[in-house]
Amino acid sequence: MGQKPTIAISMGDPGGVGPEVLIRALSDRTRRNKARYLIHGSSHAMHNAAHACNIEPFWWRVDARSPLASTLASHDVVLLDEDPALREQGIELEFPTKASKLSGAISFQWVQRAIDDARRPEDDPMHADAIVTAPINKEAWALAGRDKYPGHTELLAQRLNAKRSAMMFVGDKLRVVLATVHIPLNEIRDKLTIGVVHNAIDLGNDACLKLGIPRPRIAVCGLNPHAGENGLMGDEEQRLIEPAIELAVASGMQVSGPFPADTIFNAAIAGKFDLVVAMYHDQGLIPVKLLERDLAVNITLGLPCVRTSPDHGTAFDIAGKGLAHPGSMENAIDLAVRMCVADHQPQAQR
């Protein structure tokens, strides 16, 4: 990795708040000095965001196709600009603050570029130790024909050949892992298995160890109200969740549950648990976004490299106005850097 980790950043939807929160986060010189940043995106969008935020440009810009890109990669912040290629195709560089086919296509491409950096050999000057992704819009990806991927997590897992993966959210008050991710609520019952629940527990436990928690205390949510009330309101707890917990305990993990989801988060906030495993997206994300608004970080577990992102979306309603709070992006970058440094420390020093 060298003295500093290299972080590949995808700008996200250029019509959303991604460029703004990215610029605000990297305008901090101390943060810039901790790593090298390769940004895949649009110079036009970056300059518009800098103007909206009243921040002077501080990055190096190079055509993403230029052979100079690998030379400039040694600078602290380099924008690998895709605008020249778009102009050659006669594409107008005005990005609407709503879901669009153009924004979906190029934001998808930028994520692919960041993944390519992570897949490069370590001696390649463009190799990235971690990926940070700014918010994309799932409808825009669908408009661009990328509806096979309902989000970053699924694309990253496929491109990086992850046999299993999970979404984890890290904040000051809560850490939450999701057993299932971007699937309709009425399909969860069919997708949930003992293996799916156990994977979330296992990956979450490993992530906590890497974050410096030596003996993670893990609470697992039930799927049904009141965790099923011993089968009176569903049997998934007894059939699927309890066996997964038993497997985790048998392998040495400190896991308990299943608990009613409407009470267990209070116990975690009080410090009784280091991690909560939620069964589905909103079960875990509502408490996170209520308590850690603009601060929590999304981590993709199970990948061969670090990947983090802000916990919010494109916020088209405030995009371009310089109003977006950068806290979650700042924390996503800081956590990515910290995890890269920890990964390269000898075990005895952790």
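**Exercise 1. Classify D28 by its relative accessible area, then find its salt-bridge partner.**

Step 1. D28 has a relative accessible area of 33%. The classes are buried (under 20% relative accessible area), exposed (over 50%) and partly exposed (in between), with a 1.4 Å probe and protein chains only. D28 is therefore partly exposed.

Step 2. A salt bridge needs a side-chain nitrogen of Lys or Arg within 4 Å of a carboxyl oxygen of Asp or Glu. D28 forms one with R31, and the closest N and O atoms are 3.9 Å apart.

Step 3. R31 is at 10% relative accessibility, so R31 counts as buried.

A note on the source: this is a predicted model, where local features need pLDDT of at least 70, side-chain atom pairs count only at pLDDT 80 or more, and totals for chains, interfaces and linings use all residues. Residues are numbered from 1 along each chain as its sequence is written, and side-chain values use heavy atoms, with hydrogens and water left out.

**Exercise 2. Describe the salt bridge between D63 and R65.**

Step 1. Side chains of opposite charge can pair when their charged atoms come close.

Step 2. Here the N to O distance is 3.1 Å.

Step 3. D63 counts as buried because its relative accessibility is 19%. R65, at 44%, counts as partly exposed.

**Exercise 3. Which parts of the chain does the pair E236 and R189 link?**

Step 1. Start with the contact itself: the two side chains meet in a salt bridge of 2.6 Å, N to O.

Step 2. E236 lies in helix α11 (residues 236-250) and R189 in helix α9 (residues 188-191). Helices (H or I, at least four residues) and strands (E, at least two) are DSSP runs, numbered from the N terminus.

Step 3. The partners are 47 residues apart, so the pair links distant parts of the chain.

Step 4. Compare the burial classes. E236 is buried at 3% relative accessibility, whereas R189 is exposed at 51%.

Step 5. Widen the view. Shared partners join D28, R31 and D334 into one salt-bridge network. The structure holds 16 salt bridges.

**Exercise 4. Is helix α8 mostly covered or uncovered, and what covers its buried residues?**

Step 1. Helix α8 spans residues 152-159, and six of its eight residues are buried. The helix is mostly covered.

Step 2. The buried residues are H152, T153, L155, L156, A157 and R159.

Step 3. Their cover includes helices α6 (101-119) and α7 (138-143). Strands β5 (130-133), β6 (166-170), β11 (297-301) and β12 (306-310) also contribute.

Step 4. Look just past the helix: N161 takes a positive phi of about 55°.

Technical notes
Contact means heavy atoms within 4.5 Å.
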